[in-house]
Amino acid sequence: MTQATVDGAASIKQAFAQFPSGVAAFSAMVGFAPEALVASSFTVGVSLEPPLVMFAVNNSSTTWPKLRSAPRLGVSILAQGQEAVCLQLSSRTEERFAGLATSTSDAGAVLIDGAALALECQVVSETPAGDHAIVVLEVKSVEINHDAEPLIYHGAGFRQLAA
């Protein structure tokens with residue numbers, strides 16, 4: 001193991017990349033168009049009663065200001081094989097939803113078909129935290145895809161769970 005002091009954003013980003021996480025797509029209809037952002041900072045089990053989850057979003061995000069006021073957010077925990085979906089949804093240049101199979105709830109939450117887990121959520125709170133904000137969501141509905149394994153992000157790349 002290598003020990004070093006934190007000497008800037010690059011070193012802490014490299015250190016944080018050593019923690020494996022799932023990949024979550026947060027999406028909703030905004031006006032008449034779907035919007036999405038992708039984060040690997042998603043945490044479940046914040047609370048069971050009520051059911052709460054949370055994630056961190058960068059203050060420089062241009063998508064979060066559009067999504068934060070949506071009545072409901074779709075949270076899709078992407079599955080193995082959805083690496084290209086992740087890259088497309090997080091792209092700043094291409095049409096994020098072009099060719100993607102999705103479903104939309106009556107309240108406007110957009111969910112990515114084939115995800116390992118799909119949650120319909122409502123924003124409960126947003127708290128400033130350095131260069132990010134911590135967003136707490138209340139889970140309103142859940143759909144588990146028992147046939148899919150989650151996509152894992154680790155070491156600045158995509159991984160798979162091993163049996």
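**View 1. Tyr153 and Phe158 in a predicted model.** Tyr153 is partly exposed, at 29% relative accessible area (buried is under 20%, exposed over 50%, partly exposed in between; 1.4 Å probe, protein chains only). Phe158 is partly exposed too, at 26%. This is a predicted model: local features need pLDDT of at least 70, side-chain atom pairs count only at pLDDT 80 or more, and totals for chains, interfaces and linings use all residues. Residues are numbered from 1 along each chain as its sequence is written, and side-chain values use heavy atoms, without hydrogens and water.

**View 2. Aromatic pairs.** The structure holds four of them (ring centres of Phe, Tyr and Trp, the latter by its six-membered ring, within 6.5 Å; planes under 30 degrees apart are stacked, over 60 edge-to-face, the rest tilted). Phe55 and Trp64 have ring centres 5.6 Å apart and planes at 85°, so this pair is edge-to-face. Both Phe55 and Trp64 are buried. Tyr153 and Phe158 also pair edge-to-face, with 5.9 Å between centres and 70° between planes. Phe26, Phe42, Phe55 and Trp64 make up one aromatic cluster.

**View 3. The largest pocket.** Its volume is about 1500 Å³ (the space filled by probe spheres set on grid points, joined across faces, edges and corners). A pocket is an open set of points on a 1 Å grid over the protein atoms alone, where a 1.4 Å probe fits, with protein on both sides within 12 Å along at least five of seven lines; lining residues have an atom within 4 Å of a point. Of the 36 lining residues, Val38, Ala39, Ser40, Asn58 and His132 are the closest to the centre of the largest pocket.
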